[in-house]
Amino acid sequence: QVHLVESGGGLVQPGGSLRLSCVASGSIGSINAMAWYRQAPGKERTLVAIITKDGTTNYIDSVKGRFTISRDNAKNTVYLQMNSLKPEDTAVYYCRVFGVPRDYWGQGTQVIVSS
């Protein structure tokens, strides 16, 4: 059984910061890339940032320079540091682990950016 537990979401004012964490536990096998997605109300779930096993990162344009994805391979953990948050960043954030032989999703953590 594999579990992905996310934490760090919450309510923050515009311009504020949050740090999301996602810990993978259980018989997860080999992990390749790890990623964060988000789903705003009424919209599809979309990729926000991804990090490969060797640390190469990619971001969607709207978060470049504000968000930083990182990982701790020894702890099977992926992080998303979010700075200069904007109301349009409001969404449920999900982590995704690209494992072998399958992928896994977290349960989601809510991020609300509002004054």
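Predicted model: local features only at pLDDT ≥ 70, side-chain atom pairs only at ≥ 80, totals over all residues.
Strands are DSSP runs (E, at least two residues), as helices are (H or I, at least four), and they are numbered from the N terminus. Two strands pair if DSSP finds at least two bridges between them.

Within this sheet, strand β3 (residues 18-26) and strand β8 (residues 77-82) run antiparallel and are joined by six bridges. One of the residues involved is L18, whose bridge partner in β8 is M82. Strands of a sheet pair through backbone hydrogen bonds, either parallel or antiparallel.

R38 lies in strand β4 (residues 30-39). The residue is buried, its relative accessible area being 11%. Buried means under 20% relative accessible area, exposed over 50%, and partly exposed in between (1.4 Å probe, protein chains only).

The side chains of R38 and Y93 are joined by a polar contact of 2.9 Å. Such a contact is a pair of N or O atoms within 3.5 Å; within protein, one must be able to donate a hydrogen and the other to accept it, and residues adjacent in sequence count only if both atoms are side-chain atoms.

## Backbone features in the loops

Most residues other than glycine have a negative phi, and most peptide bonds are trans. N76, which is not a glycine, has a positive phi of about 50 degrees. This residue is placed in the loop between β7 and β8, and N76 is partly exposed, with a relative accessible area of 25%. S84, likewise a residue other than glycine, has a positive phi near 50 degrees. S84 is located in the loop between β8 and β9 and is partly exposed at a relative accessible area of 39%.

The peptide bond from V100 to P101 is cis, and its omega is near 15 degrees. P101 belongs to the loop between β9 (91-100) and β10 (103-105).

## Basis of the values

Residues are numbered from 1 along each chain as its sequence is written, and side-chain values use heavy atoms, with hydrogens and water left out. Local features need pLDDT of at least 70 and side-chain atom pairs count only at pLDDT 80 or more, whereas totals for chains, interfaces and linings use all residues.
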